[in-house]
Amino acid sequence: MSNIAPLLQWNPSYVLGIPSIDADHLWIVNKINELHDLLHGDQVKDIDLKVKSLLDLLNEYTQEHFKREEKWMACNHCPLREKHAIVHLQLVTLLDQWVVDMHWATGSPDMEGQLLCIISDFGKWFDHHLRTMDCHIHHYGPTKEISVQYIDAPDSNQGPQLSLPLEEQTVNKL
């Protein structure tokens, strides 16, 4: 692990109160930071393989997250769903291109620079999306008040664990 600050700092304002979406967001933030740390670290053995594997995992998980988020919006008749779907598709297209670029850049002298740009752009996009779009969706459905804890063993890709308070009150946020 490097001594560099995380690319994305988890912010309590990211929590929507929708357990599955909050869990996905936390997992994605942590994987963005893991990739960022890997690129800034001293470890060079098999770094191409590790970076490709992590970028592929991040790409796949993000696409699955978008499907879950859009399904939640559809089930809760969220009027923001169509706009979200368009923005999600734009990022999915970009992520797919980044993965292709990464696979072509393997062994390139500027691979690390290209990857740092990719992960920085993704981190900025994700932070902006959470702060400007996702922050509004919880108004359109029932939610539970939750606290989020991230439990991630060094070799685990399970994602975040959520813990509900003793009183699992359903709250409609209007």
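Residues are numbered from 1 along each chain as its sequence is written. In this predicted model, local features need pLDDT of at least 70 and side-chain atom pairs count only at pLDDT 80 or more, while totals for chains, interfaces and linings use all residues, and side-chain values use heavy atoms, with hydrogens and water left out.

Me: Which pattern does the protein follow along the sequence?
Reply: Helices (H or I, at least four residues) and strands (E, at least two) are DSSP runs, numbered from the N terminus. The protein has four helices and four strands. Read along the sequence, the pattern is α-α-α-α-β-β-β-β.

Me: What percentage of the residues in the protein is buried?
Reply: Buried means under 20% relative accessible area, exposed over 50% and partly exposed in between, with a 1.4 Å probe and protein chains only. Of the 174 residues in the protein, the buried share is 40%.

Me: Which residues touch the most other members of the largest nonpolar core?
Reply: A nonpolar core is a set of buried Ala, Val, Leu, Ile, Met, Phe, Trp, Tyr and Cys residues joined through side-chain atoms within 4.5 Å. The largest one holds 29 residues, and the members touching the most others are Ile28, Ile32, Val51, Leu115 and Phe122.

Me: Which elements give two or more residues to this core?
Reply: In soluble globular proteins, nonpolar side chains tend to be buried together. Here the contributing elements are α1 (19–40), α2 (47–75), α3 (81–105) and α4 (111–132).

Me: How many of the residues of α1 are buried?
Reply: Helix α1 reaches 32 Å from its first C-alpha to its last, close to the 32 Å expected at 1.5 Å a residue, where the expected span is 1.5 Å times one less than the number of residues. The helix is mostly covered, and of its 22 residues the number buried is 17.

Me: Are α1 and α2 roughly parallel or roughly antiparallel to each other?
Reply: Axes are lines fitted to C-alpha atoms, for helices over the stretch in contact, and angles run from 0 to 180 degrees between N-to-C directions. The axes of α1 and α2 lie 10 Å apart, at an angle of about 160°. Angles under 35 degrees count as roughly parallel, over 145 as roughly antiparallel, 65 to 115 as roughly perpendicular and the rest as oblique. The two helices α1 and α2 are therefore roughly antiparallel.

Me: Is His65 buried or exposed?
Reply: His65 belongs to helix α2. Contact means heavy atoms within 4.5 Å; leaving aside neighbours within four places in sequence, His65 contacts Ile21, Asp24, His25 and Ile28. His65 and Asp24 are 41 residues apart in sequence, yet 6.2 Å apart in space, C-alpha to C-alpha. Because its relative accessibility is 1%, His65 counts as buried.

Me: Which residues of α4 make the contact with α2?
Reply: The axes of α2 and α4 are 13 Å apart, at an angle of about 20°, and the two helices are therefore roughly parallel. On the α2 side, the contact is made by Asp48, Val51, Leu55, Leu58, Thr62, Phe66 and Glu69. On the α4 side, the residues are Met111, Leu115, Ile119, Phe122, Trp125 and His129.

Me: How far apart are the end C-alpha atoms of α2?
Reply: Helix α2 has 29 residues, which should span 42 Å at 1.5 Å a residue.
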